[in-house]
Each structure stands twice: as structure tokens, then as C-alpha cells.
Amino acid sequence: MTRTPPAEPGTGPSARVVVVGATGNVGTSVVEALADDSATGSVTGLARRIPRWRPPKTTWHAVDIEPGGPDLVPYFEGAAAVVHLAWKFQPTHHPAETWRTNVLGSIRVFEAAAAAGVPALVYASSVGAYSPGPEDDRLMVDESWPTHGWPQASYTREKAYLERVLDFYEQAHPAIRVVRMRPAFLFKQASASEQRRIFAGRLLPGRLVRPALVPVVPDLPGLRFQALHTDDAAAAYREAVRRPVRGSFNLAAGPVLDAAALAVLFEARPLQVPIAPVRAALAAAWRMHLVPASPDLFDAVLRLPLLDCARARSELAWEPRRTALEAVGDFLDGLREDAGLATAPLAA
């Protein structure tokens, strides 16, 4: 028998926002942004494990969104919006497992939101949902760029698949206001430990990632990407909940990052390196389970388009407060300090 979660005391149903995947890099920032917003009466945070972290106006429930998990409808009933952020990056060696959480679990969230009569669904898509960018890698793309991902990488394949799911979902549920957020790489100080574990593994000593100890930055052909501070992304999510908007929004801060920009952060010099040996080394390390990030994801990153964020600035009245360099710098400070937060994903 499914247990109905208790109602949040002292709040009206129109003021409650449910955040699914509320304890990770993006989730913690979105919860804080909503909790600090006077228009939000309360926040219901759903995560696999209830954290020790206690932001204001927030009630926690331990929920697994995978098939076979609890009925999600009771958690969503009466909510003004559901913000879906839950995502599993690992194990990259077992894509069926990430598919079960990321795709099948997301479909359960979407269907439960419709069944509960939630008027707004805000979903965390990604720059990774986009097809490879234009041949001129200096050109930026808007939200109309195709979203077929890079098919070899699980992450981009799953993000692209859910874009197709939402295409049909919007047709089947026209009364639901669906918003798809497509951010660039998101960084903050408290996410450093989590992101090191997800992408580099535990063998990378964060305290060694500092100027003077990193003499060169590899300058790989095609290495141009965008970044954004997670708190700035969360501000856009808050506006997407509050404003009567629909559709997709690119999110990124300037400047575009390349080896030269990263070299400034590390007080190092860029060194031109061919892609083939770097990919071969990464593939070997991944096969030996020395690093969790797959070579297919490396391929995808080199093909990502640059994002034009004019729509977010116009319709969400959104502007990032920090530059991309400041976001990455905050993350590097977190690496060196072994920063984290009192949630299972962000634990130092």
C-alpha cells in the first residue's frame, strides 16, 4: 500500500513547489532559490536519501523515481509546479542502469505530474541534448537547433530521448506548461567533490589543482565550451516557475572558455595537443575503471554547440551574476578545499 506523504503545514496548494532530485549540484541551488522567494509558500524536496541540510520552508521525502518505486502522484498533488532535476551519471559501464533512472524514472515523473494535475513542469535538459554544433564553432545556436544529442554517449543519448518524450507529452497534455532548461556546464564551490567523483574519480587529488602545480593546459582542437554558476542557473529555474512561459531556454554565461581562458585561471600556458592520444589514454583509463567519464562523453563535449541565451534574458528577465570564469574559479576553490554540503551527493 502506498503511503500518502503528509501535507506541508500552513501552506496553500498554489504556493508549493516540488523539486525532484533536490540534493545535488543543481537541486540544492534551486531549493535555496525557491526557499528565498517570497512567492513560494513551501518546497517539497524529493531525493533518494533525506539530507541533514535544512533550508527554510522545505520538507523532505525519501523517494526513488525508478520503476518499482513509490507512487509519485501523492507527492505532486496540489503543487503549483514540479521541477525535475534527478539524474544518475554513473555507472557509465552499465548504460542500462542509467537509462532506468534517467529515462524511465523521468517518464514516471512526467506521467505523475499529469495525473496529479500539476499546472507546470520544469525539466532539466542540457546543452548535451543538442546535436553537434555548426561547422563554424564560433557561431551560437538558439533553442531551435536540433536536439538529437551525440548518440554514442549515454548522457547525451538519454537527454535527447527525453526531448522526444516531451514533444509527445506536450501534445497529450496541452494544459500543462512545460519548460525545458538547457544549461551549459554548471559549477559551484559546494559541487566540487561530487563532480570530481562523477567525472574524474577519486584518484584526482583536488588539492593539487592549483596554480604553479598545473604548468600547462591542453589545447585540444574543438575545445570551446560555456559554463554557468549553478546559483545563476537556479535563478532562471525560479523565474521559469513564477512566469507564464513555455518551451526551451538556453542558459550560459560569458565568456566562451577555451584553453587560453583556462590557462589564465591556472596561471599556466596552453599547449597544443592532438585529440587521438588524449582520447586513447582516456579510453584505456575508463576500460580499467580508473576514471568514470567515458571516451564517448569526451567525443560529445568536443562537438557541443555554443548557446545563444537571448530568450532567457528576454522572457525570464534573467542575467547571470557571475562570469563563466568566476563559476569555474569557484569550482576550483571547492576542489582545493574539498568543499561540499550536508547532502549525500555533495558530501565532501
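Which residues line the second largest cavity? The report answers this below, after a view of the whole chain.

## The model and its overall form

This is a predicted model, in which local features need pLDDT of at least 70 and side-chain atom pairs count only at pLDDT 80 or more, while totals for chains, interfaces and linings use all residues. Residues are numbered from 1 along each chain as its sequence is written, and side-chain values use heavy atoms, with hydrogens and water left out.

The protein chain contains 11 helices and 14 strands, where helices (H or I, at least four residues) and strands (E, at least two) are DSSP runs numbered from the N terminus. Its radius of gyration, taken over C-alpha atoms, is 20 Å, close to the 20 Å that the globule rule (2.2 Å times the number of residues to the power 0.38) gives for 348 residues, so the chain is as compact as a globular protein of that length. Of the 348 residues, 52% are buried, a term that stands for under 20% relative accessible area, with exposed over 50% and partly exposed in between (1.4 Å probe, protein chains only).

## Two cavities

The count comes to 2 cavities of 30 Å³ or more, a cavity being a set of points on a 1 Å grid over the protein atoms alone where a 1.4 Å probe fits but cannot get out, and lining residues having an atom within 4 Å of a point. The second largest cavity holds about 40 Å³ of space, and its lining consists of Gly128, Tyr130, Ser131, Pro132, Gly149, Trp150, Thr156, Ala300, Arg303, Leu304 and Pro305.

The largest cavity has a volume of about 50 Å³, and the residues that line it include Val127, Phe185, Arg224, Leu304 and Pro305.

Most residues other than glycine have a negative phi, and most peptide bonds are trans. The peptide bond from glutamine 90 to proline 91, however, is cis, with omega near 10 degrees, and proline 91 lies in the loop between strand 4 (81–84) and helix 3 (95–115). A cis bond also runs from glycine 254 to proline 255, with omega near 0 degrees, and proline 255 is placed in strand 12 (residues 253–257).

Lysine 57, in the loop between strand 2 (42–47) and strand 3 (58–62), has a positive phi near 60 degrees and is partly exposed, with a relative accessible area of 33%. Histidine 289, in the loop between helix 8 (275–287) and helix 9 (295–301), also has a positive phi near 60 degrees, and histidine 289 is exposed, with a relative accessible area of 56%.

Definitions and conventions: 1 Å grid on protein atoms, 1.4 Å probe; cavity = no way out; pocket = protein on both sides within 12 Å on 5 of 7 lines; lining within 4 Å. Points joined across faces, edges and corners; volume = space filled by probe spheres on them.
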